Structure formats: structure tokens, C-alpha cells
Amino acid sequence: MKITVRDIIEKKKKGEKITALTAYDYAFAGVLDQAGLDIILVGDSVGTTVLGYDSTVPVTMRDMLHHTKAVARAVKNSLLVADMPFGSYENSTERALRGARRLLKEGGAQAIKVEGAGGIVEIVKAMTASGVPVMGHLGLTPQTAEQLGGYKVQGKLRNEAEKIWQDARHLEGAGIFSLVLECVPYQLAKFITGRLKVPTIGIGAGPYCDGQILVLNDLLGLEKRLRPKFVRRYADLGRETERAVASFKKDVLKGSYPSLKESFAMDENELPGEA
Ligand code: KIV
């Protein structure tokens, strides 16, 4: 049965861990859904993992819709969340609502995710009031990583920790159903998790969050450029793919692929006559 945002909140109440991963296409989304993950996030990390950008900033609403639709075609059970891309929600409630509704109605997502707090808290409030389920995202927020001094741990100092905590409270007040905490010390994540009613989902935020999320390409060993400390690689598909491609190339060059067994046959009397 399809998981709902209510089920995600209930899991925290029952003390059950929440499992989440990103997906960007039909094939992998099907595998994740079948594996029984609670949440599949079509992250704007699609920009770096699939589209080859250096950051998530260039990702557009069109990109997000394209990938969300592909993932939605495969997802039967997990809760499907899609990221609002940079520039689509920060300055105008109307624009944010329009984009969020497109991700739900056209994309097939059940909820959307936005990064940060401050000025967007009122926008989040308007979204949740109009029936759009919203997931928050604090700590390292990749869309504004430049402002945060790059991809580094956030909230180590008292004033930073205080700000993240206050932002979390404000987002909860605005009606979010869960909160991603990225790259914060585990003590701060534990503090926030213990005080919020909605579940926290950690990525580089230690073991005390209510759930965990990773970028699928990191977990599968498909990301060569960055290897953050918190990533546990469960497979090395990068190397496995290299090996498979090299074998294919070798077999084609020496003529051993395809064999006749891997070819279609016909009655040779049916061959065309010589001209
Ligand atoms: O875009 C993404 O993949 C994310 C995760 C890091 C949570 O926001």
C-alpha cells in the first residue's frame, strides 16, 4: 500500500526508523520501491549525479518534472518526494505554489522538498495550508552552499547551532511533515530530533535522526568526484560498469560477440535472389 506523509509521522511516534534514498529514473526507482523504502526523493542532486553539473543550482523545474515523472511511473509503494529547484520558490508564494502543484499534478510526486528557512517559512506555510505536503531541509543546503562557505559541516558553533534549531522550529510551525538535516554534528541532530514532533531524516547527521537518506549514486559507487565522510558505499557499480564495458569492447573487437546463439536465424531459401 502507498505510504503517506501521515505514515511517516506515525513512524516517529512508534520509534520506527525511516528509510529513504534518491532516485532519478524509472529503472532504479523500481528497485528502490520493491526494496520497501519508505521515501524516494527525486533530489535536485540529479543536477550533479545525472546531468553532470558542478552543483544543483542550474537544475530547472523542467528537469525536475522530467525526472519525477519517470520515477513516478515505477513507484507503487514508497512516498514520492520531489525537490523544488533553486530559484523556483524563494521569492514568490504564487510561483512556489504553482511549481509545487506542477510537481504533484504533472510529476506525480506526493510531497515536495525545499531548502532553508528565514524568508521561505511564510511560503512553506502557504504551501502546507493549501494542501501541499512539504519536507524541509536544513544544515548544509546545497542550493546555497556558496553562501555557507562551501560543502562543509554546519552548526558546530553555538550561534550556528542555535540558528538551525530555531529554523527547525519555525519550519515545524509552518507545517512541514519531516525535516532533512544535512551535514550537522550528531549532537545537534540528536537535540533537534528529540524536540521536534515531525521526523528528522539525516544525511551526514549521525545515527540519532528518525531516518536516514543517501544519494543513490554515492551508495552504489557511481560518484567519482566527491566522497563525503558520511557516505557508506554498498556497491562499486562504477568499477563493475567499467569492467563490463571493457569486456564488451574486447568481445566485439575479437568477433566473439555476438555468437550465432545470440543471433536470429531464418530459412536460407528465403534469402533474396542475386540481382
Ligand atoms: O537533492 C538531494 O539529493 C537531497 C538529499 C541530499 C537529501 O536533497
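Reply: Questions and answers on the ligand, the pockets, the cavity and the backbone follow. The model is predicted: local features need pLDDT of at least 70, side-chain atom pairs count only at pLDDT 80 or more, and totals for chains, interfaces and linings use all residues. Residues are numbered from 1 along each chain as its sequence is written, and side-chain values use heavy atoms, with hydrogens and water left out.

Me: Where does the ligand sit?
Reply: A pocket is an open set of points on a 1 Å grid over the protein atoms alone, with protein on both sides within 12 Å along at least five of seven lines. A molecule sits in one if more than half of its atoms lie within 2 Å of its grid points. By that test the ligand sits in the largest pocket.

Me: What volume does the largest pocket have?
Reply: Grid points are joined across faces, edges and corners, and a volume is the space filled by probe spheres set on the points. For the largest pocket, that gives about 1,200 Å³.

Me: Which element supplies the largest share of the lining of the largest pocket?
Reply: Lining residues have an atom within 4 Å of a point. Helices (H or I, at least four residues) and strands (E, at least two) are DSSP runs, numbered from the N terminus. β1 (18-22), α3 (46-49), β6 (178-182), β8 (211-214) and α9 (216-219) each supply at least two lining residues. The largest share, 5 residues, comes from β1.

Me: How do the residues of the shell around the ligand divide by class?
Reply: The ligand's surroundings include Thr-22, Asp-83, His-137 and Val-215, counting residues with a heavy atom within 4 Å. Ala, Val, Leu, Ile, Met, Phe, Trp, Tyr, Cys and Pro count as nonpolar, Asp, Glu, Lys and Arg as charged, and the others, Gly among them, as polar. The shell divides into 3 nonpolar, 4 polar and 4 charged.

Me: Which residue has a polar side-chain atom 2.5 Å from an oxygen atom of the ligand?
Reply: A polar contact here is a pair of N or O atoms within 3.5 Å. Asp-83 places a polar side-chain atom 3.1 Å from a ligand oxygen, and Lys-113 places one at 2.8 Å. The 2.5 Å distance belongs to Ser-45.

Me: How much of the accessible area of the ligand does the protein cover?
Reply: Accessible areas come from the Shrake-Rupley method with a 1.4 Å probe. On its own, the ligand has 260 Å² of accessible area. The protein covers 96%.

Me: Which helix gives the largest share of the lining of the second largest pocket?
Reply: The second largest pocket has a volume of about 480 Å³. Its lining has 22 residues. β5 (134-139) and α7 (158-174) each supply at least two. The largest share, 5 residues, comes from α7.

Me: How much space lies in the largest cavity?
Reply: A cavity is a set of points where a 1.4 Å probe fits but cannot get out. The count is 1 cavity of 30 Å³ or more. Its lining includes Asn-217, Leu-222 and Arg-233. The space comes to about 30 Å³.

Me: Which peptide bond is cis?
Reply: Look in the segment after α10 (237-254), where Pro-258 is found. With omega near 0°, the cis bond runs from Tyr-257 to Pro-258.

Technical notes:
A polar contact is a pair of N or O atoms within 3.5 Å; within protein, one must be able to donate a hydrogen and the other to accept it, and residues adjacent in sequence count only if both atoms are side-chain atoms.
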